[in-house]
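Welcome, and please take a look at the model below.

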Amino acid sequence: MSDMSYLSIIERYHEHREAIRELLASIAVGVADASLLENEAAVERAFTTLRDLYPFVERLYTLDVAGRRGYVGATGNDRLAVRNDCSQRPFYLMAKGSQNVEVTEPYLSSASRGLCLSAGVGIGAGGESRGFIVIDVGLDKVVELLMGDTLRRRFQKGFRLVYSLIVSGLMAVVAVLLFSSGQEFYTMFRSGGNDLRLRPFGIIIFLTLGLAVFDLAKTILEEEVLMHKDIYRHSATRRTITRFMSAILIAVSIEALLLLFKAALGEGTNFMAAVWMLLAAVALLAGLGVYVFLGARAEALLIDIRRKHRR
């Protein structure tokens, strides 16, 4: 399972928009202090404290009344990523004309290259502005925290490794099946025409099994290693099950047809077994259709309920 895509992060942001903005506003209010505008060491201490409490905080910095950078609390190259002149940045323009904490909409950070949010609050005395304090946070990490997904993310690399090993094993099985089908080809032509009518069935069986195993390995690789899988969305689980069942249906259907063809040639006595296999494939297909339909309906109802609740 890869990191969340930008689209997934944006979707989650809109689902939890109010909670995220309230969280950032409370953090900005808690850290806002006039001493930060005059003391670089205080900014460093405040940033260190915020990072310990809220790992999604990426930068803390001050701006003067004209929007020019003051002191910066950050790690590594993030310190250099803060512009010297922020007078045209949304967080400054929003905070400049407001007495409240202002939180921006998501934007791409020039430092982390990921989606982030900024919360800005003005510091003043006697009705006169003295400067601004701004906090930058990683949107993906905020979403993970709100969804309780932080601990699972720590094991993500281990999960990928295990799934990769499983995929490697399945691909090795595919290679063996393809090699076996090649041997069957070779044996068929060396046999000088003996049992030529039945030899292709063995080849097809090996190739069909190889196809089914390959589809399974490909599904695991894409769903669990290469793509982001949102375990909180029913559609993600439904997609995985649908792809897995599709591979099984293809394999069962082809094997049933092979048994029917052999019975039609008078070389098999498993005609009824083939019929039952076809009926089982039809039942699996019908069950899968019902599952997909009901799952989609249930997810649509949940989304409608959430939208009404947010309103």
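Here is a short tour, grouped by topic.

This is a predicted model, in which local features need pLDDT of at least 70 and side-chain atom pairs count only at pLDDT 80 or more, while totals for chains, interfaces and linings use all residues. Residues are numbered from 1 along each chain as its sequence is written, and side-chain values use heavy atoms, with hydrogens and water left out.

**Overall make-up**

- The chain has eleven helices and six strands, taken as DSSP runs numbered from the N terminus (helices are H or I with at least four residues, strands are E with at least two).
- Of the 311 residues, 37% are buried, where buried means under 20% relative accessible area, exposed over 50% and partly exposed in between (1.4 Å probe, protein chains only).
- Among contacts with a separation of 6 or more, 63% are between residues 24 or more positions apart; a contact means heavy atoms within 4.5 Å.

- Strands β1 (residues 57-63) and β2 (residues 69-74) run antiparallel and are joined by four bridges; two strands pair if DSSP finds at least two bridges between them.
- Y61 has V72 in β2 as its bridge partner.
- Five residues separate β1 and β2 in this hairpin, and G67 in the turn has a positive phi of about 90°.

**Nonpolar cores**

- The largest nonpolar core has 32 residues, and L60 and I135 have the most contacts inside it. Such a core is a set of buried Ala, Val, Leu, Ile, Met, Phe, Trp, Tyr and Cys residues joined through side-chain atoms within 4.5 Å.
- Elements giving two or more residues to this core include α1, α3 (40-53), β5 (115-125) and α6 (139-146), and α2 provides the largest share, with six residues.
- Leaving aside neighbours within four places in sequence, L60 is in contact with residues including V31, F47, Y71 and I135.
- Another core, of twelve residues, lies apart from the largest one and has Y61, V72, C86 and C116 among its members.

**Salt bridges**

- There are nine salt bridges, counted where a side-chain nitrogen of Lys or Arg lies within 4 Å of a carboxyl oxygen of Asp or Glu.
- R59 forms a salt bridge with E58, at 3.4 Å between the closest N and O atoms, and E58 and R59 are buried.
- R59 also forms a salt bridge with D136, at 3.0 Å between the closest N and O atoms. This pair links distant parts of the chain, with D136 in strand β6 (residues 128-138) and R59 in strand β1, 77 residues apart. D136 is buried, as is R59.
- R12 and E15 meet in a salt bridge at 2.7 Å, N to O. They lie three residues apart in helix α1 (residues 6-15), about one turn of the helix, and both are buried.
- R17, E18, R21 and E105 are linked in a network of salt bridges.

**The aromatic pair**

- The structure holds one aromatic pair. The rings of Y54 and F56 have centres 5.7 Å apart and planes at 45°, so the pair is tilted. Rings of Phe, Tyr and Trp (its six-membered ring) pair if their centres lie within 6.5 Å, with planes under 30 degrees apart counting as stacked, over 60 as edge-to-face and the rest as tilted.
- Y54 is partly exposed at 26% relative accessibility, whereas F56 is buried with a relative accessible area of 2%.
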